[in-house]
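Here is a short briefing on the ring contacts and annotated spans of this protein. Have a look at the sequence and the model first, then read on.

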Amino acid sequence: MIKQFLMNLMLSFIWVALTGSMYYTNFMFGFLLGFAILWIMNKNEADQRYFYRVPKTVSFILFFLWEMIVANVQVAYDVITPKFFIKPAIVKYPMDAKTDLEINLLSTFISLTPGTLILDVSEDKKTLFIHVMYMKSKEQFVSTLKNNVERRLLELLR
């Protein structure tokens, strides 16, 4: 998988060198072109993980950016309006993440979203304690986090 990524980067840089245009959009086009070339060339190989993970990574990044925008708008709206909509709560969140890397990335993505903060990880590393600013339903929050953020993140890492 690393081999395909490095080859894709090399093809992107070759594209930039051939076109003579050092713009971000040109590099991204070269990356997509290199991805397509590698996908066509490696269709019959056994290891296809790279070609599944790149679209999932892009999807996760776009999903996370959308979630961050929505949370920022919610916090900004609460700040500029005279009425407070804050309903703080501490949630005990059972994780499916097992390794230290998975737990660390999950807690980082949760903490990066405005309105949420990781307070602690349990000793057995199976539970996160999360402070939430806008709690409507604990079950809905846990379900949304598990089915969206954690599921997508674990699909990338496993």
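Arg152 sits over the face of Phe63, 4.1 Å from the ring centre. Keep in mind that this is a predicted model.

**Pairs around Phe60**
- Phe60 and Phe64 make a stacked aromatic pair, with 6.4 Å from centre to centre and 15° between the planes.
- These two residues are four apart in helix 3 (residues 49–80), so about one helical turn separates Phe60 from Phe64.
- Phe60 and Phe64 are both buried, and for Phe60 the relative accessible area is 4%, which falls in the buried class because that class covers values under 20%.
- Phe60 also pairs edge-to-face with Phe109, at 4.9 Å centre to centre and 80° between the planes.
- Since Phe60 belongs to helix 3 and Phe109 to helix 4 (residues 100–112), their pair ties together parts that lie 49 residues apart in sequence.

**A ring cluster**
- Phe5, Phe31, Phe35, Tyr50 and Phe51 are linked into a cluster by ring pairs.

**Annotated spans**
- An unreviewed UniProt entry places the feature "transmembrane region" at residues 12–40 and 60–80.
- In the model, residues 12–40 are 86% helix and 0% strand, and the end C-alpha atoms of this span are 16 Å apart.
- Residues 60–80 are 100% helix and 0% strand, with 30 Å between the end C-alpha atoms.

How values were computed:
Residues numbered from 1 in each chain as written. Predicted model: local features only at pLDDT ≥ 70, side-chain atom pairs only at ≥ 80, totals over all residues. Heavy atoms only, no water. Phe/Tyr/Trp six-rings, centres within 6.5 Å; stacked < 30°, edge-to-face > 60°. Buried < 20%, exposed > 50% of the residue type's maximum accessible area, 1.4 Å probe, protein only. Lys NZ or Arg CZ within 6 Å of the ring centre and 35° of its normal. UniProt positions renumbered as here; feature names shortened; annotations may be inferred.
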